[in-house]
Amino acid sequence: MAMSLKSTVSGRKKLWHKINIAHFLATAKEAGFSENEMKQIIEEFADTVSLAIDRAQSKLPNEIDQQVRDQIFEGIMKTSKKLC
C-alpha cells in the first residue's frame with residue numbers, strides 16, 4: 001500500500017489485509033475529517049465493490065491468468081467485507 005492508516009493502538013498500518021474500519025476512522029479523526037462522512041464513504045465503497053470488480057474483469061485482456069485474477073478479486077471482496 002502506498003500509504004498507511006493510523007492504528008487504533010499505536011503506530012501505523014501499512015498491510016492491506018490487516019486494515020479494518022477502525023483504522024480508517026482513526027485516520028479520519030487524526031486528519032480532522034468527519035467520522036460520519038468517513039462511514040458514508042466506507043459504506044459506498046462496500047456497496048459498489050462488486051460492480052467495480054465486474055467492470056474491471058470485463059475490461060481485462062483474455063491473456064490474464066484466471067487464477068491470479070480470481071485471487072486478486074477474491075482478496076478485494078474479502079477485505080471489503082471487513083469494512084461493513
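Colleague: What makes Val68, Ile72 and Ile76 a nonpolar patch on the surface?

Modeller: This is a predicted model, and in it these three residues together have about 230 Å² of accessible area. A patch takes residues with over 30% relative accessible area and no salt bridge, and nonpolar side chains are joined within 5 Å. Val68, Ile72 and Ile76 form such a patch.

Colleague: Why is Val68 called partly exposed?

Modeller: Its relative accessibility is 42%. Buried means under 20% and exposed over 50%, so Val68 falls in between. Val68 sits in helix H3, residues 66–82.

Colleague: How do you know which elements the protein chain has, and in what order do they run?

Modeller: Helices and strands are DSSP runs, numbered from the N terminus. The protein chain has three helices and two strands. From the N terminus on, the order is β-β-α-α-α.

Colleague: What makes the eight residues a nonpolar core?

Modeller: They are Leu5, Ile19, Phe24, Leu25, Ala28, Met38, Ile42 and Leu83, and they form the largest nonpolar core. A core needs buried residues of the listed nonpolar kinds, joined through side-chain atoms within 4.5 Å. Buried here means under 20% relative accessible area.

Colleague: Which helices supply at least two residues of this core?

Modeller: Helix H1 (21–30) and helix H2 (35–59) each do. H1 gives the most, with three residues.

Colleague: Why might such residues gather inside?

Modeller: In soluble globular proteins, nonpolar side chains tend to be buried together.

Colleague: How many of the 84 residues are buried, as a percentage?

Modeller: Buried residues make up 24% of the protein chain. The chain exposes about 6400 Å², and carbon and sulfur atoms supply 53% of that area.

Technical notes
Residues are numbered from 1 along each chain as its sequence is written. This is a predicted model: local features need pLDDT of at least 70, side-chain atom pairs count only at pLDDT 80 or more; totals for chains, interfaces and linings use all residues. Side-chain values use heavy atoms; hydrogens and water are left out. Buried means under 20% relative accessible area, exposed over 50%, partly exposed in between (1.4 Å probe, protein chains only). Helices (H or I, at least four residues) and strands (E, at least two) are DSSP runs, numbered from the N terminus. Patches are made of residues with over 30% relative accessible area and no salt bridge: like charges are joined within 9 Å, nonpolar side chains (Val, Leu, Ile, Met, Phe, Trp, Tyr) within 5 Å. Accessible areas come from the Shrake-Rupley method with a 1.4 Å probe; for residues, only the protein chains shown count as cover. A salt bridge is a side-chain nitrogen of Lys or Arg within 4 Å of a carboxyl oxygen of Asp or Glu.
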